[in-house]
Amino acid sequence: MSKEPVAVVGVGQTKHVAARRDVSLAGLVREAARRALDDAELTWADIDAVVIGKAPDFFEGVMMPELYLADALGAVGKPMLRVHTAGSVGGSTALVAANLVAARVHRTVLTLAFEKQSESNAMWGLSLPIPFQQPLLAGAGGFFAPHVRAYMRRTGAPDSVGSLVAYKDRRNALKNPCAHLHEHDITLEKVQASPMLWDPIRYSETCPSSDGACAMILTDRTGAARAPYPAAWVHGGAMRSEPTLFAGKDFVSPQAGKDCAADVYRQAGITAPRRQIDAVEMYVPFSWYEPMWLENLGFAEEGEGWKLTESGVTELDGDLPVNPSGGVLSTNPIGASGMIRFAEAALQVRGRAGDHQVDGARRALGHAYGGGSQFFSMWLVGADAPAA
Amino acid sequence: MRDVAVVAFGQSDHVRDSAETSEVEMLMPVLHDVLAQTGLAARDIDFTCSGSSDYLAGRAFSFTMALDGVGAWPPISESHVEMDGAWALYEAWVKLLTGEAETALVYSYGKSSPGSVRDVLTRQLDPYYVAPLWPDAVALAALQAQALIDAGLTDPQALAEIAARSRAAAVTHPHAQLRGEVPMGEPLVAPLRTGDCPPIGDGAAAVVLAAGDTARRLTDRPAWIRGLDHRIEAHALGVRDLTDSPSTRLAAERAGAFELPPGHQGTGGAPMVDTAELHAPFTSQEVVLRRALRLDAPDSTVCVNPSGGALAANPVMATGLIRIGEAAARIQRGASDRALAHATSGPCLQHNLVAVLEGE
């Protein structure tokens, strides 16, 4: 029995901001879900199941929030799942939802991820002291900075590359009405002059803390045929995990990331990612992760990723646009950040990305990672239905 | 739909306080147990899925440490739900149905001992209107019990009999925490007495799933999952009838619990199973579930909670998975032909999952 093809027919996001003090958690998620339903021209009654994801419950102080959010997401009387795979969760959540359709358990599924970071402080939420365990040291930046430094040493990349990524992503965000940061007066010099937070990561090369939610409607062939706008078809999706710390772990280019991409490319029939993929939404919370992931995902040879960034290949009008939405560097509701990557990839191949649309995008990759560079989830979506 | 079965189940001893062991140390022997039962090595598993809660562990990303116990190297295809392990099993079952995997390892664990689990569970409630009042799980279950008594559906004596029957059933259970003659004790939150409540404890459980012929190869008698469904209800207790569980009934219907299996005779009133493992942490919740599942129909001969259920061992986040495991193990050893397993989540049975398992 072959799998049912899965189509994305609705995408909805909130306008991501530092603090949505005007809405509750329920109000925030309902806003994104409602927009996804509107995009698909469906109602709550058309939804068979709801799959939500978010990062640690401590970030809002609500344990297992699917229980409280069941009403707001129209899930009463329906199955509801809550996924949590660290920073990759937004992507994993979409994949769990896609599998419900692929396995023909359900026909139309609402999937949603959110974070309301203003409810608490993520950096310290991540830094609770645990006996007998290595501390994470003031949040994620302290953990990842040494690995960025290792990448620079290994590849000989010039110091300037990180700022180029941030400058590009923040300019792309100006074309995305949902993006959190709209820095109209951004210049490369301002990025380069911003304070050093975790050497070599500067303030402007770091993701913001955002409140936001992202929702998608996934459906089968029949559902896609009824959809008012073009669908994005899932051509491949995979998750991979590896331990946090072990002798021989490559923090710069983790094996789990390579394996995950290879699995997705195999499913989607991709043999030359750089040539066959038209747009990439990758999870870049600190600017240097763009060149690092370009190599990890097979878009550049090892040691060459920074050259793509430096030569403008990843610009919105470049040969391989990366994060046309502005990326995590411009919008970071942590648990939703992965799903936003997946959803933005879908918007690109649906031709519905607005001012940040990549011309003629037919295939796009959505990528998310989490934990200590150990959890990966990715999907490849296309404008055409997958070959039967 | 593809045939998927439980081919192995294992659990730790459930203890009041496992201060001397970490979650990983608690979990590892259980993982080794289920792999040994099937002869599989960790690298033979196509998909791994777990269920646990950061709030019990008291730290963010607690599941990442448990992953070390699995030995995720080379990298594995893996996922996690912040839910009882029964829902991790559900995600793994769906994965197997897609055909992307032949085998799956499902595990869950919970340590209630480091904190006050009554207080911790209040953090599940509506954060704006209910959680600030800190109504704990016992108090909410007591509301439900009182509603049942007020409706004439049970009385303290009947509740005590449920407690006694459960703990008597657990006498021979090697992993149970509370077994044998247990006094009903003083009212904890009226009308519930301490005997109506589950023991507080730590524990872990694991299940191996396999599809089709792989399942037949791994065990003599797979426990086939004939149906699996779950449904959630409204969160606000004020809009629910606490004496009923329509989500359990709907999930059971969707899982085919009331359908006559091929070649069977019956009226179809009661579920067509010989065993039911119910996730009812409080005696009064068994009353609700029995009603919802029509287990007390006149022609019903269903054996309820032969394991002792959650009243004998309640490692939060694993108790639901253990119900599926206990039902499957009973089928695997030939003590049952068709069993229903139930898992719950949230205050007063808000979210319910039902599995129908069958031997060949």
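The structure is a predicted model in which local features need pLDDT of at least 70 and side-chain atom pairs count only at pLDDT 80 or more, whereas totals for chains, interfaces and linings use all residues. Residues are numbered from 1 along each chain as its sequence is written, and chains are lettered from A and ligands numbered from 1 in the order in which they are written. The model scores ipTM 0.97 and pTM 0.97.

Between the chains, 50 residues of chain A are in contact with 47 residues of chain B, contact meaning that the C-beta atoms of two residues, placed from the backbone, lie within 7 Å. On the side of chain A that touches chain B, two or more residues each come from α2 (66-69), β3 (80-83), α3 (89-102), β8 (232-241) and α9 (255-268) of chain A. Helices (H or I, at least four residues) and strands (E, at least two) are DSSP runs, numbered from the N terminus. The largest share of this side, five residues, is given by α3(A). By class, the side of chain A that touches chain B holds 30 nonpolar, twelve polar and eight charged residues. In this division Ala, Val, Leu, Ile, Met, Phe, Trp, Tyr, Cys and Pro count as nonpolar, Asp, Glu, Lys and Arg as charged, and the others, Gly among them, as polar.

In chain B, strand β8 (residues 223-232) is largely enclosed by the rest of the structure, because eight of its ten residues are buried. A residue is buried if 20 or more other C-beta atoms lie within 10 Å of its own, exposed if 12 or fewer, and partly exposed in between, with C-beta atoms placed from the backbone. Strand β1 (residues 4-11) of chain B runs antiparallel to β8(B) and is joined to it by two bridges; two strands pair if DSSP finds at least two bridges between them. Eight bridges link β8(B) with strand β12 (residues 351-358) of chain B, also in the antiparallel sense. B:W224 of β8(B) stands opposite B:A5 and opposite B:E358 in β12(B).

Strand β3 (residues 78-81) of chain B is covered on both faces, with B:E78 and B:H80 buried on one side and B:S79 and B:V81 buried on the other. Four bridges connect β3(B) to strand β2 (residues 47-51) of chain B in a parallel arrangement, in which B:T48 stands opposite B:E78. The loop between α3 (63-70) and β3 of chain B contains B:P74, which is joined to B:W73 by a cis peptide bond with omega of about -5°. A cis peptide bond also runs from B:A190 to B:P191, with omega near 5°.

The axes of helix α7 (residues 156-169) and helix α10 (residues 283-292) of chain B come within 8 Å and cross at roughly 95°. Axes are lines fitted to C-alpha atoms, for helices over the stretch in contact, and angles run from 0 to 180 degrees between N-to-C directions. Beyond neighbours within four places in sequence, B:Q285 is in contact with B:A141, B:Q144, B:A280 and B:L349.

In chain A, helix α11 (residues 289-296) has eight of eight residues buried and is therefore largely enclosed by the rest of the structure. Just after α11(A), A:G298 takes a positive phi of about 85°. A:S373, although not a glycine, has a positive phi of about 50°; A:S373 counts as buried, with 25 C-beta neighbours inside 10 Å. By contrast, A:T271 is exposed, with 9 other C-beta atoms within 10 Å.
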